[in-house]
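I am opening my notebook on this structure and will write down what I look up, entry by entry.

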Amino acid sequence: HLFRDNELILGKLKVGGETVNLKRITCPLFLLAGTRDHITPPPQVFNMADYVATPPEQIQRYLVDAGHIGLFMSHEVLHTTWVDISQKLTKLSAK
């Protein structure tokens, strides 16, 4: 559904019987991509900004030196990028 048929971007993906509408996403986004990610390469991650309704100034892009698993398991990414994202999320939650 996601990779072969690209149903999410085409507006045809159904979850729980409901079609996923990316334009319903209006919250701040933190798009994290890895320079060595061959599963979800940076252009694919960052292109999500073109399909949501979140204002551009509320979309932050992070590009780190990591592969797909390294985005979530790398010591460096966990202790730098994820800390930064977590701090920003905490500030947004306090508003």
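Before the strands, I note the rule for pairing: two strands pair if DSSP finds at least two bridges between them. Helices (H or I, at least four residues) and strands (E, at least two) are themselves DSSP runs, numbered from the N terminus.

I remind myself that this is a predicted model, in which local features need pLDDT of at least 70 and side-chain atom pairs count only at pLDDT 80 or more, while totals for chains, interfaces and linings use all residues. Residues are numbered from 1 along each chain as its sequence is written, and side-chain values use heavy atoms, with hydrogens and water left out.

**Entry: strand S3**

I looked up how strand S3 (residues 29-34) is joined to strand S4 (residues 59-64), and found 6 bridges between the two, which run parallel. Within this pairing, Leu31 stands opposite Arg61 in S4.

**Entry: the aromatic pair**

How many aromatic pairs does the structure hold? I find 1, where rings of Phe, Tyr and Trp (its six-membered ring) pair if their centres lie within 6.5 Å, and planes under 30 degrees apart count as stacked, over 60 as edge-to-face and the rest as tilted. The rings of Phe72 and Trp82 have centres 6.0 Å apart and planes at 35°, so I record the pair as tilted. Phe72 belongs to helix H3 (residues 70-73) and Trp82 to helix H5 (residues 81-94), and the two residues are 10 apart in the chain. Phe72 is partly exposed, with a relative accessible area of 47%, and Trp82 is also partly exposed, at 27%.

**Entry: the start of the chain**

I placed His1 in the segment before H1. Is His1 buried or exposed? Its relative accessible area is 62%, so His1 is exposed. Leaving out residues up to four places away in sequence, I list Asn6, Glu7 and Leu13 as what His1 touches, with contact meaning heavy atoms within 4.5 Å. From His1 to Lys14 I read 9.2 Å, C-alpha to C-alpha, and these two are 13 residues apart in sequence.

Definitions and conventions. Buried < 20%, exposed > 50% of the residue type's maximum accessible area, 1.4 Å probe, protein only.
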